[in-house]
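Subject: Structure handover

Hello,

Here is the structure for your files. Please look it over alongside the notes below.

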Amino acid sequence: MENTKTRSPLRVFVARLVGTTVFDPLGDAVGKVHDVVVLIRLRGQPRAVGMVIEVAGRRRVFLPLSRVTAIEPGAVITTGLVNIRRFEKRRVETLVVGELLDRVVTLRDGSGQVTIRDVAIERDRGMDWKVTRLFVQRGSSGPLGLRRGETFTVRPDEVTGLAGSADQQGATALLATMEGLKPADLADVLSDLPLARQLEVAAELSDERLADAAEELSDDDAVALLSGLDAARAADVLDAMQPDDAADLVSALPESMASQLLDLMEPEEAEDVRRLLVYDEYTAGGLMTTEPIILPPEATVATFLAQARKAEVPPALAAVAFVCRPPLESPTGRFLGMVHLQRALRERPQQLLGSVLDKDLESVHANDSIGTVTRLLATYNLTALPVLDDAGRLLGAVSVDDVLDHLMPDDWREADDAITDEMIERSANA
């Protein structure tokens, strides 16, 4: 009688496999499928050698297909042995989703070019996994190109250009795998791609979406990405970023490029960035954003709640309103106090903010150290802290997430892997 645990479907399409949960033999979830690694040779059939799976801590690791005992609807079953070392693609390897989907190849029968929409792998009698079919689509037709071309499957040896350059691959399929990702996760995906591929994906993202991801990239990755964009597009992305993050990125750029981009930015956004650039990175001024929620004392609780609900307001800044006399653009008129979101939720919508102020919290000045900022945030359990000038005007606000970014080591994303390693090792030895 056949052992169902070693049975695998005849053919597996990779695009449909992405996101499938990977289980160990005991039924415990190990991670989720992120991509499939194949070897494309000049001669012979392309071979699938492993999966890239995402495990705890958003770490992507390599799972050899030799350790996969079954692929079933909604589940990949493994032997339970997973190397926790972060996956690093070798030059001879190709990622199906990251590099093959949407690649344009040419049919050997002379009937033109097609675009790869999916890739099928099958296990042969020798227990090796081979790329056996390409699901492809012809170009759009009709007067306006609105009619999608026919789709069909071909064998890998029926096309040329399968091992072509990255410029033969569009970004449609890759973007589909990124839909709905949080900015930090999107940044993580981008950082794993070659720069040329990053730029191709960036071209398809909105300025706001790309700005959110750029804020989460390491300085080196963000500089490389921004430097590869057209100057006008790069300036638009900086416009969409939080001023403090934009200032950090501009300060890391070559001086000539930084000056050019500042000149191309919207005047008000550029002015905010220039103001922040004068402060040392590890001071309240260098950490602050100039765009917290700022309202007058006669504004109502309902107005504050409406501002806090805006998608572009980071969660840490949405938790508090800074109440000031006009003007309400920083530097404002005299700072009066703060209203916490939790307090606002307990008040009537018509209640004036000036009547529910918290006036007893300490503020910081622009040149105060990050240590002072950290102490006050921890002492008062705050998510954001006002930064004032000598005249008592609000210059901006420091949020706890920006403080954490600067307190963590430069390689904190890799350090997270080390923490995960330790946790996994302890779990294994328990």
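The model is predicted, so local features need pLDDT of at least 70 and side-chain atom pairs count only at pLDDT 80 or more, while totals for chains, interfaces and linings use all residues. Residues are numbered from 1 along each chain as its sequence is written, and side-chain values use heavy atoms, with hydrogens and water left out.

Overall make-up

The chain has 18 helices and 19 strands. Helices (H or I, at least four residues) and strands (E, at least two) are DSSP runs, numbered from the N terminus. Of the 430 residues in the chain, 45% are buried. Buried means under 20% relative accessible area, exposed means over 50%, and partly exposed is in between, with a 1.4 Å probe and protein chains only. Among contacts with a separation of 6 or more, 57% are between residues 24 or more positions apart; a contact means heavy atoms within 4.5 Å.

Helix pair α4 and α6

Helix α4 (residues 183-192) and helix α6 (residues 207-216) have axes that come within 8 Å and cross at roughly 75°. The two are therefore roughly perpendicular to each other. On the α4 side the contact is made by Pro183, Ala184, Leu186, Ala187 and Leu190, and on the α6 side by Arg209, Asp212, Ala213 and Glu216. By class, this contact has six nonpolar, no polar and three charged residues.

For the terms: axes are lines fitted to C-alpha atoms, for helices over the stretch in contact, and angles run from 0 to 180 degrees between N-to-C directions. Angles under 35 degrees count as roughly parallel, over 145 as roughly antiparallel, 65 to 115 as roughly perpendicular and the rest as oblique. Ala, Val, Leu, Ile, Met, Phe, Trp, Tyr, Cys and Pro count as nonpolar, Asp, Glu, Lys and Arg as charged, and the others, Gly among them, as polar.

Buried face of α13

In helix α13 (residues 301-308), the residues Val301, Phe304, Leu305 and Ala308 are buried. Viewed down the axis of α13, the buried residues fall within an arc of 95°, so they line one face of the helix. The arc is that of the directions from the helix axis to the C-beta atoms. The elements covering these buried residues include β14 (294-295), α14 (315-318), β15 (320-324), β16 (335-340) and α15 (341-345).

Salt bridges

How many salt bridges are there? The count comes to 16, where a salt bridge is a side-chain nitrogen of Lys or Arg within 4 Å of a carboxyl oxygen of Asp or Glu.

- Asp102 pairs with Arg117, with the closest N and O atoms 2.5 Å apart. Asp102 is in the loop between α2 (96-100) and β9 (104-107) and Arg117 is in strand β10 (residues 113-123), so the pair ties together parts that are 15 residues apart in sequence. Asp102 is buried at 6% relative accessible area, whereas Arg117 is partly exposed at 29%.
- Glu150 pairs with Arg138, with the closest N and O atoms 2.9 Å apart. Glu150 is in the loop between β11 (129-138) and β12 (151-154), and Arg138 is in strand β11, 12 residues apart. Glu150 is partly exposed at 47% relative accessibility, and Arg138 is partly exposed at 24%.
- Arg90 pairs with Glu93, with the closest N and O atoms 3.0 Å apart. Glu93 counts as buried, at 6% relative accessibility.
- Glu54, Arg60 and Asp188 are linked in a network of salt bridges.

Backbone geometry

Most residues other than glycine have a negative phi, and most peptide bonds are trans. Asp102, listed above for its salt bridge with Arg117, has a positive phi near 75°. Asn381 also has a positive phi, near 55°. Asn381 is in the loop between α16 (370-380) and β18 (384-388) and is exposed, with a relative accessible area of 68%.

The peptide bond from Pro326 to Pro327 is cis, with omega near 0°. Another cis peptide bond joins Ser330 and Pro331, with omega about -5°. Pro327 is in the loop between β15 and β16, and Pro331 is found in the loop between β15 and β16 as well.

Regards
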